[in-house]
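These are my notebook entries from a first look at a new structure. Come along and look things up with me.

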Amino acid sequence: MFRLIFWAVVAFGTWQAYTHFDGKRKLAHSVESAPALLLSEPRPRAVDMGASISKFKCDGRTHCSQMSSCEEATYFLRNCPGTKMDGDKDGVPCEMQLCR
């Protein structure tokens, strides 16, 4: 009888250790895949510009030659990452083409 209880306790302890360490392994695996989420492309930030939010959206355009108006260029400069429309960094985009 003593042997049966002994082996039951050993089996139970083994099972507890397995589930404990298996849970940590799964947690470590999920944490390893988390940085990939953090390195993904950032979302464009939205700035309240009234009606402009419904008119324009960040779609990858970055240059003045791709814009059709000063209002559109201004929206892209303020809201979309990576634009190349303000060479002198004064906050006014496309001064030579659209926003004179």
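My entries follow, topic by topic.

**Ground rules**

I am working with a predicted model, so I noted that local features need pLDDT of at least 70, side-chain atom pairs count only at pLDDT 80 or more, and totals for chains, interfaces and linings use all residues. Residues are numbered from 1 along each chain as its sequence is written, and side-chain values use heavy atoms, with hydrogens and water left out.

**Confidence**

I looked up pLDDT, the predictor's confidence in each residue, from 0 to 100. The protein averages 74, and 65% of the residues score at least 70. Helices here are DSSP runs (H or I, at least four residues), numbered from the N terminus, as are strands (E, at least two). I found the lowest confidence in α2, at a mean of 56, and the highest in α3, at 88. Over residues 49–53 the pLDDT is below 50, and this stretch has eight contacts in the model beyond near neighbours in sequence. Contact means heavy atoms within 4.5 Å.

**Disulfides**

How many disulfides does a search of the whole structure find? I noted two, a disulfide being a pair of cysteine sulfur atoms within 2.5 Å.

One joins C58 to C80, with 1.9 Å from S to S. C58 sits in the loop between α2 (52–55) and α3 (70–79) and C80 in the segment after α3, so this pair ties together parts 22 residues apart in sequence. The torsion about the S-S bond of C58 and C80 is about -90°, so I wrote it down as left-handed.

For exposure I used relative accessible area: buried is under 20%, exposed over 50%, and partly exposed in between (1.4 Å probe, protein chains only). C58 is partly exposed at 24%, while C80 is buried at 9%.

The other disulfide joins C64 to C94, at 2.1 Å from S to S. It links distant parts of the chain, with C64 in the loop between α2 and α3 and C94 in the segment after α3, 30 residues apart. With a torsion of about -100° about the S-S bond, the disulfide of C64 and C94 is left-handed. Are C64 and C94 buried or exposed? I found both C64 and C94 buried.

**Salt bridges**

I counted three salt bridges, each a side-chain nitrogen of Lys or Arg within 4 Å of a carboxyl oxygen of Asp or Glu.

K55 and E71 meet in one of them, at 3.2 Å from N to O. K55 is in helix α2 and E71 in helix α3, 16 residues apart. K55 is exposed at 51%, and E71 is partly exposed at 38%.

I then turned to R61, which is partly exposed at 24%. R61 bridges to D59, with the closest N and O atoms 3.0 Å apart; D59 is partly exposed at 43%. R61 also bridges to E72, with the closest N and O atoms 2.8 Å apart. R61 lies in the loop between α2 and α3 and E72 in helix α3, so the pair ties together parts eleven residues apart in sequence. E72 is buried at 6%. Shared partners join D59, R61 and E72 into one network.

**A threonine and a serine**

T74 is in helix α3 and is buried at 14%. Leaving aside its neighbours within four places in sequence, I see T74 in contact with P93 and C99. S68, in the loop between α2 and α3, is exposed at 63%.
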